[in-house]
Amino acid sequence: MNRKTLLSLLACSAFSALAFGPHLAHAQPAAYPSKPIRLIVPFPPGGGTDILSRIIGTRLTEANKWTVVVDNKPGAGGTIGITEAVRMPATGYEMVMGQKDNLAVAPWLYKSLSYDPSKDLTAVALVAESPLVIVTAANSPFRNMADVIAAAKAAPDTITYGSPGNGTTIHLAGEMFKMAAGIKITHVPYKGSNPAVIDTMSGQVAMMVSSIPSAIAQIKAGKLRALAVTSAKRSVSLPDVPTVAESTALKDFDVSSWYGVFMPANAPKDVVATMNAAINRQLALPEVKEAIHAQGAEPRPMTPAAFAALVKADHAKWEGIVAASGVKVE
């Protein structure tokens with residue numbers, strides 16, 4: 001090859017690099033995430049869902065140098081926040097902390113629900129599972145669940161119980177207890193756990209069914225008395241609190257809840273995998289486990305496919321429970 005030909009080829013190569021290089025570079029997708037991620041919380045600040053969401057959001061931000069912004073969108077038993085999430089673009093920059101309440105139970109309660117959990121959301125990562133706890137004010141006359149049952153049978157419909165909203169698993173747990181015990185007590189729905197906790201402490205409602213994360217601080221502070229947990233086994237966070245089954249004749253009573261991160265339907269699989277791995281890494285750390293245990297919950301890392309299967313199974317299970325309860329929310 002002569003000098004003239006060599007120079008000509010080098011010139012062509014240089015021109016190609018200048019002409020096409022920027023376009024090729026521009027065509028490469030930016031590494032995820034390249035901008036802030038919003039994590040919608042379908043309940044008010046201070047409740048169990050909010051606390052767990054902030055633990056995860058903070059850890060993802062600190063460990064990965066990401067920006068995860070927690071955005072509370074409460075109302076209608078958590079369905080308003082879910083509805084907003086399913087309407088967002090499926091880019092991986094919009095997430096929501098869903099629960100058994102608004103994804104497995106709500107579809108059987110709300111006739112006009114605008115989303116289908118099996119079609120409108122992508123399961124990303126299960127964060128935690130938790131039993132519920134039944135609490136009353138520290139100065140309440142109720143010392144245990146047997147006291148509640150006896151008082152309700154003596155004066156039907158005079159005992160009130162609060163919950164974070166109509167159609168939540170917590171609401172249904174109260175109704176299931178009422179049916180199983182054969183008593184009449186009155187449900188008082190709130191817009192989230194925090195206002196219900198406040199009214200329970202002050203005696204505005206006689207007792208409350210709550211997630212453990214929402215009530216554990218006030219239980220430990222002596223402002224609420226925990227009467228029972230709703231799971232088949234005692235909670236590791238409240239080992240001295242008996243189960244409903246232990247403290248009554250209701251031997252098969254067992255209700256718990258879960259919390260997990262979702263994205264809108266058809267979110268990119270690589271983004272889902274990235275977020276799942278990032279969350280699971282955090283759930284494996286001792287300090288994160290401790291923070292979640294402190295809220296009365298148990299970390300439950302699993303794959304997106306396993307989490308999607310759990311959601312599907314619970315959705316099918318709760319159809320019969322809701323039908324038996326007779327509860328409907330307009």
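The largest cavity holds about 120 Å³ of space, where a cavity is a set of points, on a 1 Å grid over the protein atoms alone, at which a 1.4 Å probe fits but cannot get out. Its lining, meaning residues with an atom within 4 Å of a point, has 16 residues, of which T49, D101, I170, S193 and S211 are the closest to its centre. Helix α2 (48-64) and strand β9 (256-264) each supply at least two residues of that lining, helices (H or I, at least four residues) and strands (E, at least two) being DSSP runs numbered from the N terminus.

This is a predicted model, in which local features need pLDDT of at least 70 and side-chain atom pairs count only at pLDDT 80 or more, while totals for chains, interfaces and linings use all residues. Residues are numbered from 1 along each chain as its sequence is written, and side-chain values use heavy atoms, with hydrogens and water left out.

Strand β5 (residues 160-163) runs parallel to strand β6 (residues 186-189), and four bridges join them. From β5 the chain passes through α7 (residues 169-181) to β6 in a right-handed β-α-β crossover, that is, clockwise from the first strand over the helix to the second with the strands pointing away from the viewer.

Terms used:
Pairing = 2+ DSSP bridges. 1 Å grid on protein atoms, 1.4 Å probe; cavity = no way out; pocket = protein on both sides within 12 Å on 5 of 7 lines; lining within 4 Å. Points joined across faces, edges and corners; volume = space filled by probe spheres on them.
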